[in-house]
Amino acid sequence: MPDTFLQHAQIDWDDQGRPHSRQYDDIYFSKNEGIEETQHVFLEQNRLRERCTALTPQDCLVIGETGFGTGMNFYCAWQLFAEHAPRGARLHFVSVEKYPLTREDLARAVQLWPQLEPYWQPLLAQYVAVHGGFQQFSFDHGRVTLTLMVGDALAQLPTLDAQVDVWFLDGFAPAKNPDMWTPELFAQLARLSRPGTTLGTFTTTGWVRRGLIAAGFAMRKVPGIGKKWEVMHGQFQGWPAEQPAPAEPEPWYARPAPVQGPRHAVVIGAGLAGSATAASLAARGWQVSVLERHDAPAQEASGNPQGVLYLKLSAHGTTLSQMILSGFGYTRRWLQQLQRGQDWDDCGVLQLAFDDKEAQRQAKLAEAFDSTLLHVLDQAQAESVAGVALPAGGLFYPEGGWVHPPALCQAQLQHPHIELLTHQEVIELRKVDGRWQAWDGERLLASAPVVVLAGAAEIRRFEACAELPLKRIRGQITRLPATEASRALRTVVCAEGYVAPPRGDEHTLGASFDFHNDDLAPTVAEHQGNLSLLDEISTDLAERLNTSVLDPARLRGRAAFRCTSPDYLPIVGPVADAQAFTDAYAVLAKDARQVPDTPCPWLDGLYVNSGHGSRGLITAPLSGELVAAWVCGEPLPLPRTVAQACHPNRFALRRLIRGK
C-alpha cells in the first residue's frame, strides 16, 4: 500500500546559499563544481550530446534518475537536448525523489545557476500541487516531459511502466543513504532497461559496482572531475542468465505494438477527455482531427459554468486515490496557463463535516496526508476561510478551487496540430487498409491509423465498446445571481452539494443526481432540490442570495449526463476485440491462475478515454496523457497498477473469471 504522507526535504543553508540535507546529513551538489560534475558524470559518460544529435524528429529520449533533489541534472540535460536535438524530437525525464523540496526552497536553490534559468524557471512556474506518487510536468509546448515520482525509490520504481535509455544514479552518497544503492533497486534499473541502456554515477563504491554488475550492467571506472578522482560508467548487457527474469505484464495489459503509418489521429468528442487527449497527442507531433457532434466543444457534461476541483480521497492509498493525487497536480499545472478569476480560481475547497461519520473520515484523511494538501478546520476557522456562517467545520483543500471547463477545453484545442470539426456525428467505425474510418452513415468524416473514443457513454454505440459497462447519471446545476452580500463567499463549500464563489455575476450551485431521467431540460423540482442543498451548506449564504424570494421556475440552470463505470475508475487505454478476447482467455473461466501466454487480440489503433463521472476535471486531462503514452510507447504517467485498474480489458477479464 503506497504511503500517502508526503515529507518535504529538510534543508539547512550554508553562508554561500547552498543547500544541505538534514535528513541525510549530506550536500546536494559539490561546492565548486556542481554543474561541471553533472556534465561530466551524467551527460558526457552517457554520450548525451551525440545521442541527442542522432535523434530523428519522431524519437523520444527517456532518461531515468534516482534522486531529483534540486533538479540540476534535469536542467542540464534539458539544456543539452534543446541545443542539439532536432525539432520534433522529445525528451522524457523520469526521476524519483523521497523528499521533494518545497517551492520556496527550490526557488532559493536554483538562484545559484542563473545560466540555467531558461530551464528551472518553467519548473518553478508549474511547481504546484506536488504530492505523493507520480507527478507529471510538461514544458516547451510538450517537447519536454518530466515525470517526478514522489516517494521511496523502492516503492515507486517497481510501479513504473517505461523503457529507459539513460540512467543518472544520483542519490546521496552510499554511506549516507544506503537504501538508494541496493540490489533490489539495481534489479529495477535492469527491469526498466534494454540492452544498450547506459548509466552514469559519481560513486565508485565497490559494493555498488558489484551490485550493478550482478544486475546485468557492464561497469567501468573512468577519470573523475575536481575532488572526485574516479566516477563510473556502465551499459546494460541484458538480464543475467543466472538470475530469474522479472515477471512480464500479463498479456491483456502488455502494450500493443506501435501503430505504423502517418502520425495522424482522430479523436471523437471535444469534452474534457477528448480535448485533453488531442492536446497530448498534438504535443507529441501528431496531427489530430477532433470530431464533435455539437457546434462547439464542451457542450455536454464539460459545459457547466463552474466545476469543482474536488479530491475525494481514501486514507488507505487506494488506486483511485493515487490517480486523483496525480491527476489533481496535472490539472492544476494546466490551469496555471489560463486566466485566473475568469477561467479558474484556486480559492480552495471546504468539505463540511456535516455529521460524526464524516468528521471521523476527515480526521483519518488529515492523519494520512500532509497539511499542504488538506487539513481540518474547526467551525470558527472554516467560517473565517469561507467568509460566511457555516453549520460546522470541515476539511480544507487549499490548492483546490473551481474551473470553467469550457475554457480548459478551448485552451487544450488551441494547437496548430489540432483541427476541430464541429457538427460531425460519427455513427460507425470501419477499419480499411490499416486506417480507421469514421462514418456518419453515408459520408466518410475522417480516417487515421489511430482513433480515440472520448464521447462519454456514447462510445457504447460503437461495436468495439458495446460491452463496456458505462452508465449515465443526470445532474442539474442551478445558476444563482450574485448579490453584494453573497460575494463574501471566498471558497467552494461542499456538503451533499456544492456552491462556488461567483464567476462574474453568478454562483454555481449543484448538483443533483438522477439515475432515471433521460431528459436534459432543467426541472423546477431539481432547482428546489439544489436550493435545499444550499440550506444544508449555509443558511447565511442562502439569505445573502435571497433564495426565499427566488422563484424556482424562473431560475437558470443546466443539466448534463455524468458518465461513470461500476468501480468509479475511468476507462482509459487500448481496446481489444471482445469475442477474440473471450476465445483467447477462455481457460480463465475454469482456473483464474492458469494465465495463457496468448497475445491480446488488440483492435490496433483503437483507444478509449471515458467514464470520468463527476471527477473529470481531475482525471480526464491526465488520462489524455495516459492515452498518448500508450499510443507513442512512452513512460506511463501513472503507476502500472493504476493504468491496469483503468484498463478497458478489466471488465471482460472479470466476466470470464466470474463466469458471467
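**Exercise 1. Which residues is V41 in contact with, leaving aside its neighbours within four places in sequence?**

Step 1: Contact means heavy atoms within 4.5 Å. With those neighbours left aside, V41 is in contact with G200, T201, F202 and V231.

Before going on, note that this is a predicted model, in which local features need pLDDT of at least 70, side-chain atom pairs count only at pLDDT 80 or more, and totals for chains, interfaces and linings use all residues. Residues are numbered from 1 along each chain as its sequence is written, and side-chain values use heavy atoms, with hydrogens and water left out.

Step 2: V41 sits in helix α1, residues 34-44. Helices (H or I, at least four residues) and strands (E, at least two) are DSSP runs, numbered from the N terminus.

Step 3: Check the surroundings. V41 is buried, at 1% relative accessibility. Buried means under 20% relative accessible area, exposed over 50%, and partly exposed in between, with a 1.4 Å probe and protein chains only.

Step 4: Look along the chain. V41 and V222 are 181 residues apart, yet 9.4 Å separates their C-alpha atoms.

**Exercise 2. Find H92 and say which side chain it joins in a polar contact.**

Step 1: Go to strand β5, residues 90-97, where H92 is placed.

Step 2: Decide whether H92 is buried or exposed. With 0% relative accessibility, H92 counts as buried.

Step 3: Look for its partner. The side chains of H92 and T147 are joined by a polar contact of 2.8 Å. A polar contact is a pair of N or O atoms within 3.5 Å; within protein, one must be able to donate a hydrogen and the other to accept it, and residues adjacent in sequence count only if both atoms are side-chain atoms.

Step 4: Beyond four places in sequence, H92 touches several residues, including C60, Q136, T145 and E634.

**Exercise 3. How many disulfides does a search of the whole structure find?**

Step 1: Recall the idea. A disulfide is a covalent bond between the sulfur atoms of two cysteines. Here the cut-off is a pair of cysteine sulfur atoms within 2.5 Å.

Step 2: Count them. The search of the whole structure finds 0 disulfides.

Step 3: C465 is buried, with a relative accessible area of 0%.

Step 4: C494 is in no disulfide, as the nearest cysteine sulfur, in C347, is 9.9 Å away. C494 is buried too, with a relative accessible area of 5%.
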